[in-house]
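Topics follow one by one, beginning with the surface.

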Amino acid sequence: MVPERETPRERTPAGATAASRPRATRLDQPGVPKHRFLPEYDPEAFGRMSERIARFLGTGRFLVWMTAAIVLWVAWNSLAPRDLRFDEYPFIFLTLMLSLQASYAAPLILLAQNRQDDRDRVNLEQDRKQNERSIADTEYLTREIAALRIGLGEVATRDWIRSEFQDTIKEMEERQNGHRHDPVVFQAERPRGRDADDR
């Protein structure tokens, strides 16, 4: 039986495998920028600009300016001298400009709506987490109040202590009346004449 030949990978020592591998990019150093054929842009700035344009397209001011421009365009190309007109009666160039404006307006509005949807999603997530925290706080406070009620049920209240004192006084009076049949004369009930004689 012929022994299998060792591959070069099996012959390398265990500690030398890291040195033989191709070096990976280091994470503690900035990467080398790659050359791109397309121009780069900031998506956040582009999104903000698209939102501003979409907001302007949805206002009455835009409709007024667009109506005024179309009326001026049609009036100029209908009433001006023939050599000054740049778009004759079917107004093909005006149609092209309006189509171009609509073709750019629709994606800008969609982009603004997508950004608004992302913001709404983040706000809903934050509201959900806030509601979960509020529910957890409410449950904690409910448990604490229940524990306080249970604890207060075992604490002696003023009415309970008063009733216990009254019961104890009644028991003492009953014992006193049962053992002594003579009326008890207290120091304050002695006649005053004896007081004068003692002096």
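W76 counts as partly exposed because its relative accessibility is 41%; buried means under 20% relative accessible area, exposed over 50%, and partly exposed in between, with a 1.4 Å probe and protein chains only. W76 lies in helix 4 (residues 60–79). The model is a predicted one, in which local features need pLDDT of at least 70 and side-chain atom pairs count only at pLDDT 80 or more, while totals for chains, interfaces and linings use all residues. Residues are numbered from 1 along each chain as its sequence is written, and side-chain values use heavy atoms, leaving out hydrogens and water.

**Surface patches**

- Patches consist of residues with over 30% relative accessible area and no salt bridge; like charges are joined within 9 Å, and nonpolar side chains (Val, Leu, Ile, Met, Phe, Trp, Tyr) within 5 Å.
- W76 belongs to a nonpolar patch on the surface together with L84, F86, F93, L96, M97, L100 and Y104.
- Together these residues have about 840 Å² of accessible area, a quantity that comes from the Shrake-Rupley method with a 1.4 Å probe, where for residues only the protein chains shown count as cover.
- Helix 5 (residues 92–154) supplies the largest share of the nonpolar patch, namely five residues.
- A patch of negative charge on the surface is made up of E164, D167, E171, E173 and E174.
- In charge counting, Lys and Arg are positive and Asp and Glu negative, with His and the chain ends not counted; the place of a charge is NZ of Lys, CZ of Arg, CG of Asp or CD of Glu.
- E171 is found in helix 6 (residues 158–179), and E171 counts as partly exposed because its relative accessibility is 45%.

**Salt bridges**

- The whole structure holds 10 salt bridges, a salt bridge being a side-chain nitrogen of Lys or Arg within 4 Å of a carboxyl oxygen of Asp or Glu.
- R115 and E44 form a salt bridge, with 3.2 Å between the closest N and O atoms.
- This pair links distant parts of the chain, since R115 is in helix 5 and E44 in helix 3 (residues 43–57), 71 residues apart.
- R115 counts as buried, because its relative accessibility is 16%, whereas E44 is partly exposed at a relative accessible area of 40%.
- R115 also forms a salt bridge with E51, where the closest N and O atoms are 3.2 Å apart.
- R115 in helix 5 and E51 in helix 3 are 64 residues apart, and the pair again links distant parts of the chain.
- E51 is buried, as its relative accessible area is 7%.
- A network of salt bridges links E44, E51, R55, R115 and R119.
- R128 and E132 meet through their side chains in a salt bridge of 2.6 Å, N to O.
- R128 and E132 are separated by about one helical turn because they are four residues apart in helix 5.
- R128 is partly exposed, with a relative accessible area of 40%, and E132 is partly exposed at 44% relative accessibility.

**The whole protein**

- The protein has seven helices and zero strands; helices (H or I, at least four residues) and strands (E, at least two) are DSSP runs, numbered from the N terminus.
- Of its 199 residues, 8% count as buried.
- The accessible surface comes to about 19200 Å², and carbon and sulfur atoms account for 60% of this surface.
- Among contacts (heavy atoms within 4.5 Å) with a separation of 6 or more, 54% are between residues 24 or more positions apart.
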